[in-house]
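Please read the following account alongside the sequence and the coordinates.

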Amino acid sequence: MKKLQVFIFLVLLSFLLVRCQEERVDSAGERLAKIYCTSCHLLPSPKDLNREIWVTEVLPQMAAFYGLYGNKSRADYLGSSQEAPFLADVYPESPLLDAAVWDTIFNYYVEQSPDRLGKPTSPPTVFELKQFQQKLIRDDSDEAYPALATSIAVDEGTGEVVVASLLAANGGQRRFLNQRVSTREDFVGIQPTLRPALTGRLSMGSLIPSDVPRGTLITDKDTLKQLLRPLDFLYWDGNQNGTQELIIAEYGNMTGRLSSYDGGQKTILSPTPGALRLRLADLDEDGYEDLLVLFAQGDERIEVWYSRPGKPERKLLHRFPPSFGSSDLQVADIDADGDLDLIHSCGDNYDYQPIPKPYHGVRVLLNDGRGDFSEAWFYHLDGAYGAEVDDFDGDGDQDIAAIAYFIPPDKRALNSFVYLEQTGPMEFKAQGFEKQPGLHYICLDKGDPDGDGDQDIVIGNFSGYLPDGMPNTRRSGKGEVVYVWLENVGK
Ligand SMILES: [Ca+2]
Ligand SMILES: [Ca+2]
Ligand SMILES: [Ca+2]
Ligand SMILES: [Ca+2]
């Protein structure tokens with residue numbers, strides 16, 4: 001009998017202990033982080049980064065936003081005299097936060113962060129790529145620029161593959177027709193996906209993070225200067241007045257914005273940096289195209305601007321932790337239930353030391369039919385940098401092709417590209433191929449450059465790994481692989 005009482009007591013005790021653990025009270029540091037860190041972005045978990053990066057890079061930068069400069073001064077953060085005026089509002093002259101409050105937050109992240117990040121669960125099996133044949137396209141002329149692609153697009157009108165380079169000193173845009181250079185232009189910059197009736201020349205101004213507004217955009221209708229590191233643009237009738245506004249994703253760095261230009265009238269739609277991708281899709285199926293925007297800096301998120309009479313209406317669709325490094329967004333009905341879903345990739349690793357992160361990869365956010373989205377599928381891919389979605393194998397469902405740029409050297413050969421064929425409802429089979437050494441996949445597009453009716457993939461080569469420093473831009477690029485053409489071999 002006594003044994004039974006002891007047993008019951010122990011059972012009750014363990015039950016109570018479990019309850020206590022479940023009702024764990026947040027530490028002071030966690031409570032303060034929930035108040036102060038979330039004023040700008042989703043609450044990061046200490047587990048999102050390793051301790052060294054928290055201590056040496058991220059936390060000092062976050063403190064500086066509150067005017068707490070530690071061993072440095074405000075002038076250190078303001079940088080060069082050229083940049084300082086644009087950062088004056090970012091870095092306060094006097095502290096906005098009690099140093100003791102900040103120390104409590106700091107200690108919470110330091111104590112709870114891991115020495116190294118966890119490994120991704122169960123690496124997937126990758127099968128040999130059967131759907132596409134790999135062809136390496138080179139520029140063999142003496143005038144060839146170094147292969148440093150910053151954007152690649154298939155011109156839907158001509159079937160040309162357009163590859164732009166960002167480096168002003170020795171670069172330009174090349175057009176390839178039937179895999180040979182057809183035109184060479186001294187334009188340097190970013191050419192977003194060439195859509196029908198959309199032409200324009202977008203130049204970031206600075207590849208390296210900067211807050212000096214040096215970006216430019218020239219289209220048939222508009223010429224704009226002093227843009228904040230713009231990365232995408234399009235024309236869209238967001239207020240249903242019959243004329244199209246020019247929308248520019250001014251990514252910036254510490255400062256940036258999503259802007260709309262209507263005639264001479266400029267409107268800032270979102271005043272935060274990081275606007276990376278613009279997509280048009282009629283998300284609410286009311287007959288008017290809506291604007292989807294991926295933000296990839298600080299408050300990483302996807303927002304939609306619904307086209308509405310008079311004024312577009314904003315809705316936040318999804319937020320990601322600020323360490324994600326969002327890199328691409330596509331819109332497609334991937335589960336074939338009749339509504340549009342979101343396909344997101346993350347893997348940018350240029351801000352801090354490029355350590356592998358288990359949350360890098362491709363995600364599917366499914367639409368519940370009412371315009372609310374939640375994550376339904378994830379494929380881990382270190383340094384994922386872009387994704388294209390289409391029914392590549394022509395069997396009626398949507399498939400995904402993705403590239404990766406920020407990858408540890410030992411993984412580069414086999415993990416720079418993945419083709420995810422949908423084999424059953426939301427079931428995907430991964431296929432890949434061995435990458436040639438020395439190539440780095442930084443941008444991709446889909447299209448039909450050979451005009452045989454199926455969708456191929458083109459991948460731009462940036463022949464250097466940016467965390468190792470800027471590659472030599474003065475050398476000749478004769479014979480270098482400019483892009484990889486993955487020719488769809490059909491069913
Ligand atoms: Ca709509
Ligand atoms: Ca769907
Ligand atoms: Ca398919
Ligand atoms: Ca084709």
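Two residues are counted as being in contact if their C-beta atoms, placed from the backbone, lie within 7 Å. On that basis, among the contacts in the protein chain with a separation of 6 or more, 54% are made by residues 24 or more positions apart. The model under discussion is predicted.

The overall dimensions may be considered next. Along the principal axes, the C-alpha atoms of the protein chain occupy a box of roughly 90 × 60 × 50 Å. The radius of gyration of the protein chain is 24 Å, which agrees with the value near 23 Å for a compact globule, because that is what 491 residues would give in such a globule. Of these 491 residues, 40% are buried. As for secondary structure, the protein chain contains seven helices and 28 strands.

The domain assignment divides the protein chain into domain 1, spanning 28-112, and domain 2, spanning 127-488. Taken over C-alpha atoms, the centres of domain 1 and domain 2 are separated by 30 Å. The two domains touch: 15 residues of domain 1 are in contact with 15 residues of domain 2.

On the side of domain 1 that touches domain 2, the elements giving two or more residues are α3 (51-65) and α5 (84-87). The largest contribution to this side comes from α3, with three residues.

How values were computed: Residues numbered from 1 in each chain as written. Chains lettered and ligands numbered in written order. Predicted model: local features only at pLDDT ≥ 70, side-chain atom pairs only at ≥ 80, totals over all residues. Domains from an automatic or database assignment. Helix = DSSP H or I, 4+ residues; strand = E, 2+ residues; numbered from the N terminus. Rg over C-alpha atoms; globule rule 2.2 N^0.38 Å. Buried ≥ 20, exposed ≤ 12 C-beta atoms within 10 Å, placed from the backbone.
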